[in-house]
Each structure stands twice: as C-alpha cells, then as structure tokens.
Amino acid sequence: MKMILLEPVFKQMIWGGSRMRREYGYDIPGDNTGECWAISAHPQGDCTIVSGEYVGMTLGQLWESHREIFGNAEGDRFPLLTKIIDAQNDLSIQVHPDDSYAKEHENGSLGKMECWYILDCDEDATIIIGHHAKTRQELEDMIYGAKWKELIREIPVHKGDFFQINPGCVHAIKGGTLILETQQNSDITYRLYDYDRLQDGKKRPLHISQSLDVITVPFEECGAAKMPGMNFDSNSALSAQSPTKNAWFEHLITCEYYSVWKAELDGEETLCQDQKFMLGSVIEGGAVLDGCKLEKGDHFILPAGMGDVKLQGKATFIFSAMV
Ligand code: ZN
C-alpha cells in the first residue's frame, strides 16, 4: 500500500482571496478563491488521484470500488473532508445541523461537525464562535431585531490556535484568516447573517428558520478547544502508542467523527499507520514519506495496512482519521 496524493478542487467565493497561490503555489481559478477542497469525495468537489496505480480516479470512485484501501470502513460516502479556507473578507455567520436534522430536512445528507487549525491570520484577527442569547426567545428577538453586535460572540485568534465547532454552534471565519478545516463530508450550511452583502447584485439567501431550529441555546464551548503547547490527550490512540511519537505528534481532538493531530517533523521519524486510513496535509516545509517527495500544500491519504511509515525532512503536518 502506497501513499495516495490528491489534486485539490478550488471554489470561488465572494469572501475569498488569492493567498493560496502565493502560499502554496496552487493554480487557483481566480482572485476570489475561498476554498481548497484538498481531500474530498463530495459530489460538489471530488478530488482526483495523482499518484500510484489509481491515477485519474476520483476519491469518490476509489471509495466505491476499493474499500480495502480504507480499511473496509463502512458507509455510503467517504466520511471526512479537508479544506483550506482563505478568508480575505468575513464569511457569513452560520450554523450547521447535526446528522439527524440533516437526514430529515436535507435529503439524507450528513450533518456537519468541523474543526479549524489556524494556519495564519492578521495580527488583530478575530473569529466568531457562539452567541450571547440566554434563551431561545432572546435568540429569536435578537435575530429578528438584527441585534448582531449584541448577539455574536467574537474572540481573538492567533496562528496555531485550534477550535472545534459542533453542529448547532454559531460561527464565522473573519477576514484575514487562513485555516485548515477538517470536517464531516457535508455541505449543509444555514446562513444566519451575511452582513447585508450583495453577490451579483443580490443578497445570498438566509436560512433563519433552520438556524433557529438547530442553534444550541445557551452557547456551550465545543469539545476540547485547544491552544498550541497544551498537553497531549492521553486518550489518543496514536499518542498512547510509543513514547517517541509523542515528541512530534500532538493530539488536537477526538470527537465522534474524527481525530486530528498536528505533527512536527525535524529529521527522521516513523509514523505507525494503524488507523483504517489517515488524511494528511503538509502545512509547512517539505518531507520525504515512504520515498515520495511532499511539499507544503500537498494533501494525501495513507491507506490501511501501511504499518510503519518512514518520514524524513522538516515539515509540519495536520493528520486526521475517522473515528
Ligand atoms: Zn462551518
């Protein structure tokens, strides 16, 4: 089993920029490129495989036809999606449903749990996570009264911060922030407020009633929001295995859908790929993995059964795996 390299799919967005060209050398489609779907089998952006014996297939096709590569994981769709998001301007304030709401109201779609690793941001950058309404009535009053300033919980953000966003949690990425997002494979977003912006002369649709259905009241901190430098979680399968691994592997979170780790390679290390499969992204530097060269901005899958994977170089990775 060999590492599988993927070609990202790019999305133009009214809030997007051109930073991914400068930062990663991507051939982006325009100067409003907001999203790079880096590891995705979603029908709206199914990545093409660019290495090994499955070159030319999409990840969705590989998932359908070669489930052994994914440790015979079950499910009718690939479970995760890795994105890079370049927010030159503010994203709409939004919320996602959970699986049961999405299944009932969105044609059997999955809900969306997501997490953000802040790749870079402006010095005074902020993000929105949560709200200040204490009751559902108060939430409704503030939304219909357009009291956005009072409602929205805005917090400062720094390079290297990590945030978990559960379904029901109001959130928005603000301008000047570059993030790597690991999420459930879903595209269901309820837009609560879009700063009254126009796209092609029109406001993008809002989804107030769905938002009111799914927003958690009052706001509660999601999962284990962790800042860099915090300790490893001893529950992590990976960090528990070998003491040498702990030196460079940092467990960021495990929730019901995914685990996410940050890895800082400097020299030679061995990664034991004992998950069904792992998703990997090079966010800094470069490395050689199992004899294949990887550069900043490369995204790949480590298939089932790889066992010990040799890594060499100086690089920072974000890895994830399904739970
Ligand atoms: Zn979101």
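Begin by selecting strand β7 (residues 80-87) together with strand β14 (residues 177-184), which pair in the antiparallel sense over eight bridges; helices (H or I, at least four residues) and strands (E, at least two) are DSSP runs numbered from the N terminus, and two strands pair if DSSP finds at least two bridges between them. This is a predicted model, in which local features need pLDDT of at least 70 and side-chain atom pairs count only at pLDDT 80 or more, while totals for chains, interfaces and linings use all residues. Residues are numbered from 1 along each chain as its sequence is written, and side-chain values use heavy atoms, with hydrogens and water left out.

Within this pair, leucine 81 stands opposite glutamine 183 in β14.

Next, select the zinc ion, which is coordinated by His96 (NE2), Glu114 (OE), Glu114 (OE) and His171 (NE2) at 2.0 to 2.6 Å, where donors are N, O and S atoms within 2.8 Å of the metal (3.2 Å for Na, K and Ca), and sites may look incomplete because water is not among the atoms. Glutamate 114 lies in strand β9 (residues 114-121) and histidine 171 in strand β13 (residues 171-173), 57 residues apart.

Finally, select serine 211 in helix α6 (residues 208-214), which counts as buried because its relative accessibility is 0%, buried meaning under 20% relative accessible area (1.4 Å probe, protein chains only). The C-alpha atoms of serine 211 and valine 95 are separated by 6.4 Å.

Note on methods:
Buried means under 20% relative accessible area, exposed over 50%, partly exposed in between (1.4 Å probe, protein chains only).
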